[in-house]
Amino acid sequence: MAQWLEMILRLLLAAGLGAGIGYERERAKKAAGLRTHILIALGAALFTVVSIYGFEGVGLDPSRVAAGVVAGIGFIGAGVIFRGMHSEGVAGLTTAASIWVAAAVGLAAGAALFFISVITTIITIGILMIPKARG
């Protein structure tokens, strides 16, 4: 029972941290906002939890899931960048980067690296709040 509770807490932490990043993007009226970032972080955490607990004793390396998550997130980030393209150049790079970080935060939370996932989220939100230079 304790193992199930810990898995659930890892997923809830990932969702909460993804919400923090996503809220900032939503507030800034970006293409990927609250729900997207929550789902990205939650999905990454679930992949991590499944790789750790779902294949115990099989002899597989649970760290390999991180490579798969990173590759998959690349497609979502590319979609955000592609959607943001307009006549003045490419847009959506920062939001794509925030999706990438949300996935990393989810991986960390799923791997029980709680402190580093929280600190990374705080740093990320701080960076996203820096006003964009104009000119």
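**Entry 1**

I began with Glu 6, which is partly exposed at a relative accessible area of 31% (buried is under 20%, exposed over 50%, partly exposed in between, with a 1.4 Å probe and protein chains only). This is a predicted model, where local features need pLDDT of at least 70, side-chain atom pairs count only at pLDDT 80 or more, and totals for chains, interfaces and linings use all residues. Residues are numbered from 1 along each chain as its sequence is written, and side-chain values use heavy atoms, with hydrogens and water left out.

Which residue does Glu 6 meet in a salt bridge? I found Arg 10, at 2.5 Å from N to O (a salt bridge is a side-chain nitrogen of Lys or Arg within 4 Å of a carboxyl oxygen of Asp or Glu). Both residues sit in helix α1 (residues 2-27), four residues apart, or about one turn (helices are DSSP runs of H or I, at least four residues, numbered from the N terminus). Arg 10 counts as buried, at 5% relative accessibility.

**Entry 2: the other pair**

My search of the whole structure gave two salt bridges. Glu 24 pairs with Arg 25, with 2.8 Å between the closest N and O atoms. Glu 24 is buried at 6%, and Arg 25 is buried at 5%.

**Entry 3: a neighbouring helix**

Next I looked at what α1 meets in helix α5 (residues 114-128). Among the contacting residues I noted Arg 10, Glu 24 and Arg 25 in α1, and Phe 114, Thr 121 and Leu 128 in α5 (contact means heavy atoms within 4.5 Å).

Key:
Helix = DSSP H or I, 4+ residues; strand = E, 2+ residues; numbered from the N terminus. Axes fitted to C-alpha atoms, helices over the stretch in contact; angles between N-to-C directions.
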